[in-house]
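I opened the model and kept notes as I went. Confidence comes before the details.

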Amino acid sequence: EVVIMDYALGMVEFKNIAMGITVTDLMVKAANVSIVKSLITCPGKYMVIIRGKLSAVNAAIDKSKEYEELVSDYFILGNPHESIFNAFDGKYEINKDEAMGIIETSNVPCLIEAADMIAKTARCYILKIKMARELGGKALVLFAGEVAAVEASSKAAIRYVTEKDKLISHSIIANPDPMIWDAIIK
C-alpha cells in the first residue's frame, strides 16, 4: 500500500477534449506526477486527476494555468484522505449496519474536494465517487459511518459545495435496507 502522507492530489477540468489531452501531456512532462484518472466527460469536456509530491502537483497545475482559457475548474489537495484513492480504485468495505450519506454536485472538482472533507471531518469513509460519466457532467459521492459522523461530515461538505454554488442534492439514510447497499454499491 502506498503511503499517501507525502502526496497531493490535483485535478483539472478542461473545456474541450483535444486541447485537454494536449495540455495534460505538457503537465506530466513538466513535473514528476502520475495520472490517477483521465476521463472524457459530458458535455464534451476532459478531466485529469494527478498525484505526486505537493511541489510537483503545484508545478503541473501551474502548467495547465498557462492555458487558462481552456480550463473550466481545478484544485490541489495536500495530503488527501486515503479513502479517496480507494474510491477511485473501486476498493471499499461495506458495513451494512452504518448510515449512508449521498451528495450530488454540478461538477467533479468541487465534489472531490468535498469527499476529502467528508473523510477528514468525522469517522466516515468514502464508498464511491461517480464522476461525470453517465451523470451529464455532475458528480456523486456515497459515504458511510455512524449516523452522527455521517451527519457531521455531510453538514461540512454541504456547506462547502453550497458556498461554491455546486450543490444539487444530498441525503442521509440512517439505516439503508441491505438491498439498497447491494444495488447502489456495485
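**Confidence.** I looked up pLDDT, the predictor's confidence in each residue from 0 to 100. The protein chain has a mean of 88, and 93% of its residues reach 70 or more. Among the elements, helix 3 (residues 82–88) has the lowest mean pLDDT, 80, and helix 5 (residues 147–163) the highest, 96. Helices (H or I, at least four residues) and strands (E, at least two) are DSSP runs, numbered from the N terminus.

**Ground rules.** This is a predicted model: local features need pLDDT of at least 70, side-chain atom pairs count only at pLDDT 80 or more, and totals for chains, interfaces and linings use all residues. Residues are numbered from 1 along each chain as its sequence is written, and side-chain values use heavy atoms, with hydrogens and water left out.

**Helix 1.** I checked the span of helix 1 (residues 17–30). Its 14 residues reach 20 Å from first C-alpha to last, close to the 20 Å expected at 1.5 Å a residue. The expected span is 1.5 Å times one less than the number of residues. Next I asked which residues of helix 1 are buried. They are Gly20, Val23, Thr24 and Met27. Here buried means under 20% relative accessible area, exposed over 50% and partly exposed in between (1.4 Å probe, protein chains only). Seen down the axis, the buried residues of helix 1 fall within an arc of 110°, so they line one face. That arc is taken from the directions from the helix axis to the C-beta atoms. The face turned away from the buried side carries the exposed residues Ala18 and Lys29. The buried residues of helix 1 pack against strand 1 (7–14), strand 2 (34–41), strand 3 (45–53) and helix 2 (54–65). Contact means heavy atoms within 4.5 Å. At the start of helix 1, a side-chain oxygen of Asn16 reaches to within 2.9 Å of the backbone nitrogen of Met19.

**Ile49.** I then moved to strand 3, where Ile49 is found. Ile49 is buried, with a relative accessible area of 0%. Leaving out residues up to four places away in sequence, Ile49 touches a list of residues including Leu9, Met11, Ile35, Phe88, Ile112 and Met131.

Helix 4 has 14 residues. Of these, 11 are buried, so helix 4 is largely enclosed by the rest of the structure. Among the buried ones are Glu113 and Asp116. What caps the N-terminal end of helix 4? Asn107 does: a side-chain oxygen lies 3.3 Å from the backbone nitrogen of Cys110. Asn107 is itself buried, at 7% relative accessible area. A polar contact of 2.8 Å also joins the side chains of Asn107 and Asp73. A polar contact is a pair of N or O atoms within 3.5 Å; within protein, one must be able to donate a hydrogen and the other to accept it, and residues adjacent in sequence count only if both atoms are side-chain atoms.

**Cysteines.** How many disulfides does the whole structure hold? My search found zero. A disulfide is a pair of cysteine sulfur atoms within 2.5 Å. For Cys110, the nearest cysteine sulfur, that of Cys124, is 18 Å away. Cys110 counts as buried at 1% relative accessibility, and Cys124 counts as buried at 5%.

**Lys130.** Last, I looked at Lys130 in strand 6 (residues 124–131). Lys130 counts as partly exposed at 26% relative accessibility. Lys130 and Leu140 are 10 residues apart in sequence and 5.0 Å apart in space, C-alpha to C-alpha.
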